[in-house]
Amino acid sequence: MSNNIVRGTMLLTGASFLSKFLGMIYVIPFNSLVGATGGTLYSFAYIPYNILLSFSTIGVPLAVSKFVSKYNSLEDYETGLRMFRSGIMLMAITGLLTFLTLFFGAGSIAKYAVPNDLAMQQDTKMVIRMVSFALLIIPSMSIVRGFFQGYQSMGPTAVSQVVEQIVRIIFVLVSAFLIIKIFNGTVATAVGFATFAAFVGAIGSCVVLYIYWRKRKQFIFENIEKQRYTYDIPMKDLFKELFSYAGPFIIVGLATTLYQLVDQFTFERAMYAIDQEGIWKVTYSAINLYGHKLIIIPGTIATGLSLAVLPAITKSFVNQEFNQVHQQINQALQIIAVLVIPAAVGLMVLSDEIYGSLYGLDEIEITGALLAWYAPVSLLFALFTVSSSILQGINQQRFTVVSLMAGLLLKIILNTQLIHLFGAKGAIFGTALAAGTAAFLNLWHVKRSIQFSFKQLFKRTSLVFIFAAIMAAVIWLLKLLFGFVLPFETVRWATTVVMLVCVAVGGFVYLWLAYASTLLEHVFGSELEDKFLMRMRSIARIFKR
């Protein structure tokens, strides 16, 4: 059972990382096809879509997995199947309602988001309507994933997730290429089809899940036929129990999208107000699409590893083993520090090279600087996600709503003023203030609830900052040396070479310092005894000779 949980966690973490990695890679050719204007339109469509998708599912798919798992453990398989069927009907209804809301509300969203550009306003309306069709499928599809997870079967979710992403990306790139390069169509049309790819990808996922269902349904119905007793709970009570599980699941995933929604409704008019309307599309896409794809990658890996610790936190808390709880929380937070801080520092030091090699050197003095400012926010996003989950582990999940709302309120109140004061990067400052406030409040509540001490975390985080600073100095020196032999500030292939070398050398320097100081061993424990560490030891022996 334990091995199945660990295997399932690793499978889902791997699938999630692969999906996000593919989501980062495909925007490179997509950017070359549609540029900054296309990126802005694409972001304008997906932000309201993601929010309504969250509301359409209202946390039910994950709650269904918990519900089905509970009743399967009681050998009442029929109750789990009843909830599965009812859940699909519920998600079909909420999916239809949110589709209608987004489709017919697209004009109002576009008008409020882009009040000063009528052509852009019409294009925004069109791309929002194109993406809205995915809401007809994805909520119900998510229930099927949750049902399989309730049977401790993570394969259907992982495989369908990856297939959905691959199908979506292929449709995005092929349709954009055909429209732009073959048929000489507009950027808006290409982006419209790119957003419609969410619907196409969902169909691919449904096909995968149907194949799994055909293979597994005999086993599921055999269990139902063999069971001797059913609780025969009224449907009203089943849904009441389901929604008691569902509430906390919706909060964490919405945070970043809500911050982006504030940008969508304030950014353009604020940039017009300070006479920077000529660069608002470039800066908006650099922050909320192209740059955002980069900063969430380190957080995804670190958060996945940290969240693997959280079931143990819940168990220790229930058993009132508070020393163990403190140790496990320390480990979860230290994983974030060890992995995300150096990644954020690396993004800051190499912002021009990373953005330029991936998306081109046009206006790199603007876009690269924005990535440098945005990079540290990845740490705040990761801290909020993990601290919210820790609060769930110690049965304080309701406070997550308070912290999220506090941060969001600050973003709403200050975003326009910050853009007026600092230009486009003011939107980044607003997001940093919001995410930082939410993360700080969560951590403060953890300390207050269980008298948690941050002393060990501060000590090891200070060491991480020292190692990251040394890494940054090495990267800066490498860039200085490369400046004598390669025109990496103006030629893209040279920029890519410098980026790859600096990332490899900088990453090695940081990992070497972290390993030699036993920081990695203290944070990750014996689980770090893998091939990578064995190679590091081999290199260490060479240096000691």
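Predicted model: local features only at pLDDT ≥ 70, side-chain atom pairs only at ≥ 80, totals over all residues.
**Exercise 1. How many residues does helix H19 have, and which of them are buried?**

Step 1: Helix H19 runs over residues 492-516, and that makes 25 residues.
Step 2: From first C-alpha to last, helix H19 reaches 36 Å, close to the 36 Å expected at 1.5 Å a residue.
Step 3: Now look for residues under 20% relative accessible area, the cut-off for buried. In H19 these are Ala494, Thr495, Val498, Met499, Cys502, Gly506, Val509, Tyr510, Ala514 and Tyr515.

**Exercise 2. Which residues have the most contacts inside the largest nonpolar core?**

Step 1: The largest nonpolar core holds 161 residues. Helix H2 (residues 27-57) gives the most to this core, with 15 residues.
Step 2: The residues with the most contacts inside the core are Phe30, Tyr49, Tyr259, Phe267, Ile329 and Leu333.
Step 3: Pick Ile329 and skip its neighbours within four places in sequence: Ile329 is then in contact with Ile313, Ile390, Val446, Ile450 and Phe452.

**Exercise 3. Which helix gives the most to the lining of the second largest pocket?**

Step 1: This pocket has about 390 Å³ of space and a lining of 18 residues.
Step 2: Helices H12 (322-349), H15 (377-393), H17 (425-450) and H18 (455-482) each supply at least two lining residues.
Step 3: H17 gives the most, with six.
Step 4: Nearest the pocket's centre lie Leu383, Leu443, Phe454, Leu457 and Phe458.
Step 5: Sort the lining by kind and you get 15 nonpolar residues, two polar and one charged.

Key:
Residues numbered from 1 in each chain as written. Heavy atoms only, no water. Helix = DSSP H or I, 4+ residues; strand = E, 2+ residues; numbered from the N terminus. Expected span 1.5 Å × (residues − 1). Buried < 20%, exposed > 50% of the residue type's maximum accessible area, 1.4 Å probe, protein only. Core = buried A, V, L, I, M, F, W, Y, C linked by side-chain atoms within 4.5 Å. Contact = heavy atoms within 4.5 Å. 1 Å grid on protein atoms, 1.4 Å probe; cavity = no way out; pocket = protein on both sides within 12 Å on 5 of 7 lines; lining within 4 Å. Points joined across faces, edges and corners; volume = space filled by probe spheres on them. Nonpolar A, V, L, I, M, F, W, Y, C, P; charged D, E, K, R; others polar.
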